[in-house]
Amino acid sequence: MNNVVFGKLAETSFAPVVAGEPSSLVGNTPVLWVGAPLAPAGRGFWAKLEGFNPGGMKDRPALHMVRRAKELGDLAPGARIIESTSGTLGLGLALAGTVYRHPVTVVTDPGLEPIVARMLAVYGARVELVAEPHPSGGWQQARRGRVAELLALEPGAWCPEQYSNPDNVEGYESMAFELLQQLGGVDVLVCSVGTGGHSAGVARVLRRFNPDMTLIGVDTVASTIFGQPAGTRLMRGLGSSIFPKNVDYGAFDEVHWVAPSEAVWACRTLAGTHYATGGWSVGAVALVAGWAARIHSADTRIAAVFPDGPQRYFDTIYNDDYCDEHGLLDADPPIEPDVIEHPAARVVHSWTRCSSVIAPHAQVSAGDSAS
């Protein structure tokens, strides 16, 4: 081969994976440096772009939970998988069902984006919709109740129980090892919190290499996870009306609550300046990670997990009519979070941080009753 051709080949960026099956496309996602205006000039953070997975971040635990259930004998060959989801885990389970040859039923609610519902259907999953939220546990508890009913109707069916399944946590360890390889280490990790899986799984591994790593949790307003009262939530993918057992409260150094308009601002700003963006969790995490870059020294390695891409939010975050209807474009760009000393100090309605992270007193009883 002549030197000119060899040189051009050396400059070419080759695809990192030749996939023999769709599960081979999961993982090895890139990181992107995100700076101004999310962070001050000369500062920034590394965004782990989990939207590069076929269905998003939850492809990782979906494949892992199904594989482990088969290994343990909890999931018989050809048995149905039934689970509650707000969308992303459903896509991951549809992938796992294809890979391991299991039918899949996902139980969701009217907030599921139409594109996700349609894609789940064409991926072969059965979509069950609950009509009314549970009086105290909201849509999540209503979905879980329907899952229980479906399991009773189909003996042999299996539920991953993502909120309490330790394999959900373990399924994210691969992401941590990728971050170590890509960044050499992490000093501050910023994660959204829903089921608690990825914050627990990634932080657990990273702290083996850096015990002093700071973990910042990002929640939505009107979520009960960190001790605020439940309320109607516009944002999906983070937050909860129940207390997921996989949330590792002791691992967090602080928590931030973010409002929908603030997440929209961050998502759209990311799109306009870095050509990378995603959903509600991405916007909330980017906002907090940019703040972390302001308060830490310039040599601090900050990693932020971006769980998905923007496609499913075409009719919400990136739809001006929707945003106008919900008053999401009227707020000034968020600069600094408010501060409360205790999660129960007052109800928060906008970006607020708290360095006192405790497990709400109702966690155990609410978690048991939701099982």
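User: Which residues in H9 are buried?

Analyst: This is a predicted model. A residue is taken as buried when its relative accessible area is under 20%. By that cut-off, the buried residues in H9 are Pro260, Ser261, Glu262, Ala263, Val264, Ala266, Cys267, Thr269, Leu270 and His274.

User: What covers the buried residues of H9?

Analyst: Both strands and helices take part in the cover. It includes strand S1 (31-34), strand S8 (254-258) and strand S9 (302-306), together with helix H10 (280-295) and helix H11 (320-325).

User: How many Å apart are the end C-alpha atoms of helix H5?

Analyst: Helix H5 runs over residues 138-153 and has 16 residues. At 1.5 Å a residue, helix H5 should therefore span 22 Å. The distance in the model agrees with this: the end C-alpha atoms are 23 Å apart.

User: Which are the edge strands of the open sheet?

Analyst: Eight strands form the open sheet, with mixed pairing, in the order S1-S2-S9-S6-S7-S8-S11-S10. An edge strand pairs on one side only, and the edge strands are S1 and strand S10 (338-339).

User: In S11, which residue is the bridge partner of Val255?

Analyst: S8 pairs with strand S11 (residues 352-354) over three bridges, in the antiparallel sense. In S11, the partner that bridges to Val255 is Cys354.

User: What angle does the direction of H10 make with that of S9?

Analyst: H10 packs on the sheet, and the strands that H10 touches include S8, S9 and S11. Relative to the direction of S9, that of H10 makes an angle of about 170°.

Conventions
Residues are numbered from 1 along each chain as its sequence is written. This is a predicted model: local features need pLDDT of at least 70, side-chain atom pairs count only at pLDDT 80 or more; totals for chains, interfaces and linings use all residues. Side-chain values use heavy atoms; hydrogens and water are left out. Helices (H or I, at least four residues) and strands (E, at least two) are DSSP runs, numbered from the N terminus. The expected span of a helix is 1.5 Å times one less than its number of residues. Buried means under 20% relative accessible area, exposed over 50%, partly exposed in between (1.4 Å probe, protein chains only). Contact means heavy atoms within 4.5 Å. Two strands pair if DSSP finds at least two bridges between them. Axes are lines fitted to C-alpha atoms, for helices over the stretch in contact, and angles run from 0 to 180 degrees between N-to-C directions.
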